[in-house]
Amino acid sequence: MSVASGTRKRKRVAEDTPGQTKQAGQSALPHADLWYEDGNIILATDATLFKVHRSIISRQSGVLKTITLLSEQATQSVEGCPIARLPEDSDDVAQMLYGIYDNRIFMQNKPVSFTAVSAWFWMGTKYDIDYLRDEALSRILACYPDTLDCYDQIEESWSSRPPIVWTPSQDYDVALLAQAHSLLNILPVALYECCAGRPEELTIRLSFDALHTTDPSLPSFDPKILQRLFVGRAELVRQRMSESLCFLDGERSPRCRQSSCRLVSGYMVSLSHKAGVFTDNARTLDDQNDLIDVTCGAQSNLQACADCVNFFKKRHQDGRQKVWDNLRTIFRIPEEL
Ligand SMILES: [Zn+2]
């Protein structure tokens, strides 16, 4: 695994040793909020200075503790406080410090941006702050779960307050992060969500065009992920027909004793054609129980027998589960990245 290679933005500051006191922050400005008058160390990025407390940041991270010790030899200072340089973006450092200084957001489970969650994960991993990394993972898993049962319960469990505020590039960003850190329980479902639309729609959503290639705020272009998406999407479309929608093949329950079920089953297939259910679509895991209920179940005038309705729903659910279990194969994800 290479954290450095798993960049989540097009341009990250080059890796160097945390705590170095090279010409740090010469043109950097104090952070508007994370500047404590009684602080006793300056954390400096290229653009921003943070005046914080050695004891507090050392308590949360052994890596930061080492940095504070190294800063005692620093030749530069601001307001009498030694400067310790950090190589990350200012926003990432700010998110880490907010996580250290103000964890009410964790206790109240307020929705936050993926930018914050991603920073917690990256910084929590690099600076060995377990609770920051765990909070990030917990929120990502709530949106990209590792079982079909949890996936089906997502919206109810959020209670209209998703733990991450959705953005158009989020599915791709999560896939980038999961691939970089070998989060093999998250990567398949993140890739699946990327396939919600057509591949060309994704590239437009991510602004992968010549005009935007130099914008550092956009996600990095990762050919490996895009290759997985193009191959995987075609397979999802195929398995939607062969697995998830297998109940639309006209077969009835072996226990069926109601001759009209044959007609009802045919009606369900015909209506599905008219509704465009068989068109090119990679939403292979979408629940189609409503379709069954409306065409031949409780909400229909042409009701099939209970055995057939249960038979259709079971085959549909079994097909969805099979696709879920196939996701890693569909996206060509090996045992280890
Ligand atoms: Zn029947």
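### A first look at this predicted model

With 14 C-beta neighbours inside 10 Å, Ser 182 counts as partly exposed, because that class lies between buried (20 or more other C-beta atoms within 10 Å of a residue's own) and exposed (12 or fewer), with C-beta atoms placed from the backbone. This is a predicted model, in which local features need pLDDT of at least 70 and side-chain atom pairs count only at pLDDT 80 or more, while totals for chains, interfaces and linings use all residues. Residues are numbered from 1 along each chain as its sequence is written.

Ser 182 sits in the loop between α9 (170-180) and α10 (187-194). Helices (H or I, at least four residues) and strands (E, at least two) are DSSP runs, numbered from the N terminus. Asp 128 has its own loop, between α5 (114-126) and α6 (130-143). Here are the two residues side by side.

| Residue | Phi, positive in a residue other than glycine | C-beta neighbours inside 10 Å |
|---|---|---|
| Asp 128 | Asp 128: near 60° | Asp 128: 15, partly exposed |
| Ser 182 | Ser 182: near 55° | Ser 182: 14, partly exposed |

Now for the sheet. Five strands form an open sheet with mixed pairing, in the order β1-β3-β2-β5-β4. Strands β1 (29-35) and β4 (77-78) stand at the edges with a single partner strand each, so one side of each has no neighbour in the sheet. Two strands pair if DSSP finds at least two bridges between them. Strands β2 (residues 41-44) and β5 (residues 81-85) run parallel and are joined by three bridges. Leu 43 has Ala 84 in β5 as its bridge partner.

Which helices meet this sheet? Helix α2 (residues 62-71) lies across β2 and β5, running at about 125° to β5. Helix α3 (residues 90-101) packs on the sheet, touching β1, β2 and β3 (48-52), and its direction makes about 15° with that of β3. Axes are lines fitted to C-alpha atoms, for helices over the stretch in contact, and angles run from 0 to 180 degrees between N-to-C directions.

Leu 43 returns in the largest nonpolar core, which has 63 residues; Leu 43, Val 117, Ala 175, Ile 186, Ala 190 and Leu 191 have the most contacts inside it. Such a core is a set of buried Ala, Val, Leu, Ile, Met, Phe, Trp, Tyr and Cys residues joined through C-beta atoms within 7 Å. Helix α5 gives the largest share of this core, eight residues. Apart from it lies another core, of 14 residues, including Phe 247 and Cys 261.

How values were computed. Contact = placed C-beta atoms within 7 Å.
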